[in-house]
Amino acid sequence: MLEVTGLTKYYGELLAVDDVSFHIDEGDFVTLLGPSGCGKTTLLHMIAGLREPTEGQVKLRGEDVTDLAPEDRNIGMAFQSTALFPHMTVRENIAYGLRMHGYDAEERDTQVQEFLELVDLPDHGDHHPDELSGGQQQRVSLARALAYEPDILLLDEPLTGLDRVLREEMREWLMTLQRELGVTSLYVTHDQEDALSMSDKVIVLDDGQKQQAASPERIYEQPANEFVATFVGKSTRFDGTLRSVDDRPIVETDETRIVVGTNDRATNHDDGEAVSLFVRPEDVDVEPATATADGGTTTTAGAASAAPTAAATVENAFPGTVEKIANLGNRTEVTVALESGETALANTARFPNIAVGDEVTVTFDSESVVVV
Amino acid sequence: MSVVVERSPVPRWLTERISNRHLVAIGVGWVTFFFVFPILFLVVESLNFGSGGLFDAYRRATGGVYLNAFARSFVYGFVTTVVTLAFAYVLAYYLVFASDRVRLLLTLVVVPLWIAYIIRYFGLLLFFSPTGPLGQVGLEIDILFTSTAVVVGLANAYLPFAVLPIYNSLNAIHHETIDASRALGAGQLRTIYEVVVPLSTPGIVAAGVIVFILATGSFLGPAVLGGPEQSMIANEIARTFLEAYNIQLASALAVIYTVLLVAFIAAFNAVFDLQEALGNL
């Protein structure tokens with residue numbers, strides 16, 4: 001559907017987008033995720049035709065559109081600023097694209113009304129954009145971008161700038177709309193929640209380069225590299241060297257050793273290679289140190305896990321001191337300063353029976369370790 | 001215990017803390033004293049309290065040579081405004097959308113304002129004269145002392161007043177609005193016509209009003225670059241007053257001109273909201 005090959009953009013000496021290739025299948029919702037300044041907006045603008053690539057090719061429905069002006073590409077686009085025309089009514093805004101695509105007056109009227117209803121603003125056609133709320137404006141902007149049934153919908157951070165509640169609502173709504181219309185969509189954002197919750201595929205971009213392109217689950221569970229692992233979600237991190245002991249992979253850091261799983265989150269590395277390990281907070285348990293000190297006969301089960309927590313059966317257990325306990329509403333995030341020097345993050349039940357300053361043991365399953 | 005009310009010789013409004021009311025009083029006082037009173041005085045001066053009719057001067061002021069001068073002033077004013085807006089719009093558009101040396105170029109636009117009008121018109125006069133640089137290389141442009149020369153001179157003189165408001169309103173257009181128009185299928189020219197121009201209307205209106213007022217009341221431009229056939233109303237008022245020393249007639253001409261101009265602006269205001277346009281300056 002959309003095929004991007006070797007797209008590169010220099011601004012003078014500055015390399016903004018560096019040889020990025022990917023494709024989007026018909027009807028998919030794909031997210032370009034990256035920090036600000038990573039080149040994702042430039043990439044989107046090149047796909048839209050608003051910027052000329054230094055090198056590379058953009059193909060839309062099999063047709064090479066690299067040298068076509070934006071108006072000749074049959075794209076729909078929504079912007080962070082909504083970019084609605086302030087001198088036109090909502091109706092005129094939506095009709096604009098229809099006019100440019102050669103719909104006659106009658107078709108325009110029906111199409112505009114249909115899309116006003118689709119975005120839940122049936123009675124707002126004669127308002128001016130500045131009379132609408134931020135969320136409503138963004139819905140109009142989407143109606144405007146979709147009314148003439150473009151081949152692809154390009155979204156440039158349309159939800160950034162909306163408050164949290166509205167943002168989640170709009171996410172939900174946008175997903176429904178996209179599925180309903182089946183329109184192929186490319187969504188640019190720096191917000192990992194947007195990316196993970198909405199997409200069929202996420203393309204992580206940093207420093208102008210593609211870091212990983214995969215399903216949201218895979219991006220989170222199996223980040224391809226250090227950047228993806230740290231940018232998407234939080235983790236406990238260890239840096240060390242990969243070794244094989246008794247045919248089991250372990251990683252030695254300066255202070256300690258971590259047993260690593262044998263699943264594909266950990267393979268593809270050679271013995272003696274310097275690696276980084278990441279463990280997600282939901283895979284980490286924290287228990288008061290007393291529980292493990294007496295040989296693991298009793299546990300006070302202070303942490304969330306219902307799994308057996310006796311120290312003897314857990315391969316990876318590390319002593320530390322609780323540094324911070326943050327109540328995040330539906331869960332509690334505990335930060336532990338490990339004796340080996342690292343900082344561990346763990347999600348626990350809402351009211352863990354530990355306090356800041358407590359000596360604790362941090363445990364996690366070897367299979368939950370990601371090696372990059 | 002009795003309360004002694006002390007009467008200060010200094011009035012109370014002078015001893016109060018300085019408030020906005022005082023600041024307004026200074027401005028309003030200045031305008032009243034130096035602008036409103038003199039204009040009203042012109043009205044008095046224009047009336048004939050001797051023998052003959054009260055409005056004798058007005059009868060003369062609305063005939064013959066003066067009528068031509070009035071008409072010429074508004075025609076020149078209008079043509080100058082159109083020419084100036086066209087140039088100013090292109091220049092401002094370039095500054096906003098194409099130039100990466102905006103500050104330098106904006107300065108260059110404003111610099112001519114540092115130079116006295118008489119010098120600039122005089123420069124144009126020499127430039128266009130048969131012995132000027134154009135004449136030297138055989139490119140004789142024979143426009144001196146014609147309407148063309150006057151309009152060229154005026155448009156040149158008032159260009160900065162038009163560029164600045166148009167620049168401001170173009171600069172206020174969000175870039176994504178233009179991108180959106182392109183993505184929605186409108187070409188470059190269509191986008192200018194459908195989006196950029198409508199959104200810069202306040203700047204165009206403000207620039208137009210300013211240039212029109214300045215150009216219509218021009219004195220030096222027609223005096224230096226025009227001939228007797230290019231005499232505008234300001235020239236006629238000056239001549240009547242300074243050469244013929246007919247204060248009554250000159251005052252009547254001044255009053256008529258002022259009323260016409262105000263009526264013109266009022267009519268314009270009925271179509272465009274000037275308050276909004278000028279508020280954006």
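Helices here are DSSP runs of H or I with at least four residues, strands are E runs of at least two, and both are numbered from the N terminus. This is a predicted model, where local features need pLDDT of at least 70 and side-chain atom pairs count only at pLDDT 80 or more, while totals for chains, interfaces and linings use all residues. Residues are numbered from 1 along each chain as its sequence is written, and chains are lettered from A in the order in which they are written.

**Helix α13 of chain B**
- Buried residues (20 or more other C-beta atoms within 10 Å of their own, C-beta atoms being placed from the backbone) in α13(B), residues 233–243, include B:Ile233, B:Ile237 and B:Thr240.
- Among the elements covering them are α4 (64–97), α12 (220–225) and α14 (247–271) of chain B.

**The sheet in chain A**
- Four strands make an open antiparallel sheet in the order β2-β1-β4-β5, with strands counted as paired if DSSP finds at least two bridges between them.
- β2 (14–24) and β5 (63–64) of chain A sit at the edges with a single partner strand each, so one side of each has no neighbour in the sheet.
- Five bridges link β1 (2–11) and β4 (55–60) of chain A, and A:Glu3 has A:Lys59 in β4(A) as its bridge partner.

- Counting C-beta atoms, placed from the backbone, within 7 Å as contact, 16 residues of chain A touch 14 of chain B.
- α2(A) gives the largest share of chain A's side, three residues.

Definitions and conventions. Buried ≥ 20, exposed ≤ 12 C-beta atoms within 10 Å, placed from the backbone. Contact = placed C-beta atoms within 7 Å.
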